[in-house]
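Subject: Handing over the structure

Hi,

Here is the structure I promised to pass on to you. Please have a look at it first, and then read my notes below.

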Amino acid sequence: MSEQTAAHRAAMPAVVNPILDRRTVENGNRNLLKYLKPGLSVLDVGCGSGAITRGIAERVGPEGRVLGIDPSEKLIEQAQQQHGDLPQLAFQQADLFSFETDERFDLVTCARVLQWLAKPEEALIRMKALLKPGGVLAVLDYNHEKVEWQPEPPEAMKRFYAAFLQWRQDAGFDNAVADHLEALFRSHGLTGIIVEPHFETSRKGEPAFAVASRIWSEVAEIRGPQLVKDGYIAESEREAAIATYDRWIAETGESMQLYLLAVEGRRS
Ligand SMILES: C[S@@+](CC[C@H](N)C(=O)[O-])C[C@H]1O[C@@H](n2cnc3c(N)ncnc32)[C@H](O)[C@@H]1O
């Protein structure tokens, strides 16, 4: 499929997206905590609505500098409105593939973005080039093929999920990108590579279970209309996936686990 299809499918739908706003650097990007210290310069690639970026900026303090970039005009607007109060934090509407700057950063972070890019290797080359010598590239991403539910989710949600993965794969996205990052980092000469599991597990009985496990109903609500439009699933199947999965959460669901890896390496 064309680059245009990939860009179109990667684009965040212009609807309220509660998933991004719930994240913080502590709950959604804690692999960064070991690097963040006052005075650091950080580029957050694909910063979304800036919720994680804000936490990064608070940790690097007023002597630091944090820039969040994202191609979505709406998300950058939202980020500026919600987090524009910190002087060390700036947001810019930009696509990584056309972003130009003379600035070089101590840390370039990219969380949950490569899963939406048909050319993750080109993205990695670009991000490496934006580092100062000795700077760290930190990527956090999914292997969507390794999601786990206990017990199995309803058939309608399994169908939606399979359609979602197919729709992504047909656009050139790597559903298993997390497990391919280490090799990519090595082949591009990053050194001191660290690979850490950052699985996100929610279990029945925990206060967050209903909200965290509902991510798949939210995906069906937010991304699902695109799948229907592209002919991967019928509208009635999308609706059934949401209704039956919400019942699964309330009645039979025990746990849901997202598989993410954090991979970091230094530019020598
Ligand atoms: C799933 S969101 C992740 C947001 C945030 N990093 C987080 O972890 O919550 C993926 C983000 O990547 C952005 N994105 C997609 N293609 C991009 C590109 N070519 N360059 C930069 N960001 C991109 C999307 O607009 C979206 O905001």
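Which residues lie nearest the centre of the second largest pocket? They are R22, E200, V211, A212 and L258, out of 16 residues that line this pocket.

Before going further, a word on the source. This is a predicted model, so local features need pLDDT of at least 70 and side-chain atom pairs count only at pLDDT 80 or more, while totals for chains, interfaces and linings use all residues. Residues are numbered from 1 along each chain as its sequence is written, and side-chain values use heavy atoms, with hydrogens and water left out.

**The second largest pocket**

Pockets and cavities come from a 1 Å grid over the protein atoms alone: a pocket is an open set of points with protein on both sides within 12 Å along at least five of seven lines, a cavity is a set where a 1.4 Å probe fits but cannot get out, and lining residues have an atom within 4 Å of a point. Grid points are joined across faces, edges and corners, and a volume is the space filled by probe spheres set on the points. The second largest pocket holds about 320 Å³ of space. Two or more lining residues come from each of α2 (18–22), α3 (25–28), β8 (200–203), α9 (209–213) and β9 (255–258). Helices (H or I, at least four residues) and strands (E, at least two) are DSSP runs, numbered from the N terminus. With three residues, β8 gives the most to this lining. By class, the lining has seven nonpolar, four polar and five charged residues. Here Ala, Val, Leu, Ile, Met, Phe, Trp, Tyr, Cys and Pro count as nonpolar, Asp, Glu, Lys and Arg as charged, and the others, Gly among them, as polar.

Strand β8 also holds S202. S202 is buried, with a relative accessible area of 4% (buried means under 20%, exposed over 50%, partly exposed in between, with a 1.4 Å probe and protein chains only). Setting aside neighbours within four places in sequence, S202 is in contact with F209, A212, S213, E254, S255 and M256, where contact means heavy atoms within 4.5 Å.

**Cavities**

There are two cavities of 30 Å³ or more.

R112 sits in the loop between β4 and α6 and is buried, at 7% relative accessible area. Its phi is near 60°, a positive value in a residue other than glycine. Most residues other than glycine have a negative phi, and most peptide bonds are trans. On the peptide-bond side, a cis bond joins Q150 and P151, with omega about -15°. P151 is in the loop between β6 (148–150) and α7.

**Helices**

In α6 (residues 120–129), P120, A123, L124 and M127 are buried. They lie on the same side of α6, because they cover an arc of only 100° around the axis (the arc is that of the directions from the helix axis to the C-beta atoms). An α-helix has 3.6 residues a turn, so residues three or four places apart point the same way. The cover over the buried residues of α6 includes β1 (41–45), β4 (105–111), β5 (131–142) and α8 (181–187).

In α8 you will find L181, which is buried at 0% relative accessibility. Beyond its neighbours within four places in sequence, L181 is in contact with L114, V139, D141 and V263. L181 and E121 are 60 residues apart in sequence and 9.0 Å apart in space, C-alpha to C-alpha.

Helix α10 (residues 215–222) is mostly covered, with seven of its eight residues buried. A contrast is A162 in α7 (residues 155–170), which is partly exposed at 46%.

**Cysteines**

How many disulfides are there? The count is zero, a disulfide being a pair of cysteine sulfur atoms within 2.5 Å. The sulfur of C47 is 11 Å from its closest cysteine sulfur, in C110, which is too far for a bond. C47 is buried at 8% relative accessibility, and C110 is buried at 1%.

Happy exploring!
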